[in-house]
Amino acid sequence: MAFFSRSGNPFTLFPFRFLFLLLTTMNIVEASSEPCSADTGPVIPTTRLVKFLQTLQETSLKTFGPNNFDPKMYVDLSLKSNISTTIDAFDKLPRNATGAISAQDLSKFIDDYFDGAGNDLVYADPPDFVPEPEGFLPKVENSQVRAWALEVHSLWKNLSRKLSDSVLNRPEFHTLLPLPGSVVIPGSRFREVYYWDSYWVIRGLMASKMYDTAKSIVTNLISFIDTYGYVLNGARAYYTNRSQPPLLSAMIHEIYKRTGDLELVRKALPALLKEYQFWNTGIHSVTIQDSQASSHKLSRYYAMWNKPRPEATTLDKAWASKLLNDSEKQHFYREVASTAESGWDFSTRWMRNTSDITTLATTSILPVDLNIFVLRMELDIAFFAKVVGDNETAESFLEASQTRKQAINSVFWNEEKGQWLDYWLDNGATFEECQAWQASNQNHRAYASNYLPLWIDLFNSGLATWLRNLKFNPVFKIRSGTMGILRILLVCTDTCLVKKVKKSLERSGLVCAVGIATSLINSRNQWDYPNGWAPLQHMIIEGLLRSGSKEARAMAEDIAVRWIRTNYVAYKKTGAMHEKYDVEKCGDFGGGGEYIPQTGFGWSNGVVLALLEEFGWPRDLKIDCQ
């Protein structure tokens, strides 16, 4: 497969590599050559500041107690003095006979030596924001809904940030990573830009006509690839050991569809090729041999970390306390970080025992959704390469997408259930081994992710559009008559598939009163029942909508109406958009998980605006709970 060189990439807008080398020589970053740990996987080095803030986090829990304790707040603090001076002052704090520090002394120390969490970003006024953009949501006829949509649109101003001068002038004082452009944050405790959140933020920004703000987000994410070789989970030093679901190409595709910005595509393509390698080589790549002895390469989540997550050190250590030895704990910590890389942190989806968090086994699972996202990346790269005239790369990635589609159907598809099911790898197998496919290794539990392949046109009758584009691709010389027959055959085939999957979704129990539940297991983990999440609603709705089935399109609209309605009612009750919602109760936000429910909220705002742009809201359709 042809790949671009990384040399000469115009998106290298900030001297990150120089900065990392400088911090290393100053003994601020503790350098490492990605050593293999006791659990045999790679570990990315962290910084001296992050390590100290973890100590401060643990000390604060002991001193202040668990009430209203958020461990992430402590690793988001910024130094007022250099790290050595701060550590020396901490070591000199008076302690009692048990080594405890008084609440008064610790509070004064934090006030004296740190700026507050979130002070490293300041509010930014987006230059492309207007209170009511021209052509905003033309299908929304209901005055109540339009007024609310404009309020949601105005939240982009509340969530827009730029780096403080201190981050640029003294980066070693902060866990926030320097970025070349302004950002849109999710909200509340999530004070920095996040990877997969940004796709749905951008979908909302497209509805709000804020194209420059969207391009700035993409610029920041590409800068991560230039520095690290992959997009980080988020813009903090403690997130450098993992990524998140890879949706950068999809973000760029959405912007290109609206703006036709060819220069953006040219600048982004080399970075996308590098990210593609990250997800398709080494620890992220696994080969499965099917029953016909055909080998299939698929991707998995695998964090480069085997210690407690800095942003949740106290929680991870508490979970691991019942494990017997350091080796077991290291393995568990890697599974925790890998689950965070999936975006679904946490869910019974990743557990061998659904009632025991220490049985997380994310690195032993081939996830349906990750491979759908990588397939989307392959299709996007093929499209971008075609746009810039690189036919060789376009052809190789079109072939790669067909190969992955076959792998997805061979490994994940379950004909009896009409779903694509996650696949469990054999215990003890290494990523270098080719494993034989076994039907018993499919995870038969119901999760919303089982239906996400519908989001990709190769799995619904949106394939007709894809083929129409392919016809004009100079790489493929297909006679028009042959193309017509192929289109008819494939659309018929895919329509039947969509109908089968739609029936499976209807019977799954996942479609609830006001949206699609993440799972059927009420585990009190946030990526389980009864929580519904905006990204999952959106991808399934969009997949059903683009299909050739009238019944599927009707189902998409019905789910969209329910989801919009619960977002509206919750907003009217609480004055905020929420991170997640209870799909059984109209107007109730979700709960569970390792932190209190959050508001803001980037991807919820984006999905509501995208759905209103697509479906509108009739003048006489009530928006209140019915």
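A crossing of two helices is left-handed if the near helix is turned anticlockwise from the far one by less than a right angle, and right-handed if clockwise. Helices (H or I, at least four residues) and strands (E, at least two) are DSSP runs, numbered from the N terminus.

This is a predicted model, in which local features need pLDDT of at least 70, side-chain atom pairs count only at pLDDT 80 or more, and totals for chains, interfaces and linings use all residues. Residues are numbered from 1 along each chain as its sequence is written, and side-chain values use heavy atoms, with hydrogens and water left out.

Start with the whole protein. It has 20 helices and 16 strands. Of its 626 residues, 59% count as buried. Buried means under 20% relative accessible area, exposed over 50%, and partly exposed in between (1.4 Å probe, protein chains only). Contact means heavy atoms within 4.5 Å. Among contacts with a separation of 6 or more, 73% join residues 24 or more positions apart.

Now take a pair of helices. H4 spans residues 83–91 and H5 spans residues 103–113. They pack at an angle of about 165 degrees, with their axes 11 Å apart. Axes are lines fitted to C-alpha atoms, for helices over the stretch in contact, and angles run from 0 to 180 degrees between N-to-C directions. H4 and H5 are therefore roughly antiparallel to each other. Angles under 35 degrees count as roughly parallel, over 145 as roughly antiparallel, 65 to 115 as roughly perpendicular and the rest as oblique. The crossing of H4 with H5 is right-handed. H4 brings Thr85, Thr86, Ala89 and Phe90 to the contact, and H5 brings Leu106, Phe109 and Tyr113. Five of these residues are nonpolar, two are polar and none is charged. Here Ala, Val, Leu, Ile, Met, Phe, Trp, Tyr, Cys and Pro count as nonpolar, Asp, Glu, Lys and Arg as charged, and the others, Gly among them, as polar.

A second pair is H11 and H14 (residues 368–388). Their axes come within 10 Å and cross at roughly 145 degrees. This crossing is left-handed. The contact includes Leu269, Leu272 and Trp279 of H11, and Met377, Ile381 and Phe384 of H14. By class, it has 15 nonpolar, one polar and three charged residues.

H13 itself runs over residues 326–342. At 1.5 Å a residue, its 17 residues should span 24 Å, and its end C-alpha atoms are 24 Å apart, which agrees. The expected span is 1.5 Å times one less than the number of residues.

Glu311 lies in the loop between strand E7 (295–299) and H12. It is buried, with a relative accessible area of 6%. Its C-alpha atom is 9.2 Å from that of Val50, 261 residues apart along the chain. Leaving aside neighbours within four places in sequence, Glu311 is in contact with residues including Lys72, Tyr238 and Arg242.

His538 sits in H18 (residues 534–545). Its relative accessible area is 2%, so His538 is buried. Beyond four places in sequence, His538 contacts Trp200, Arg203, Val607, Ala610 and Leu611.

Gly616 is found in the segment after H20 (602–615). At 4% relative accessibility, Gly616 counts as buried. Not counting residues up to four places away in sequence, Gly616 touches Lys139, Val140 and Leu611.
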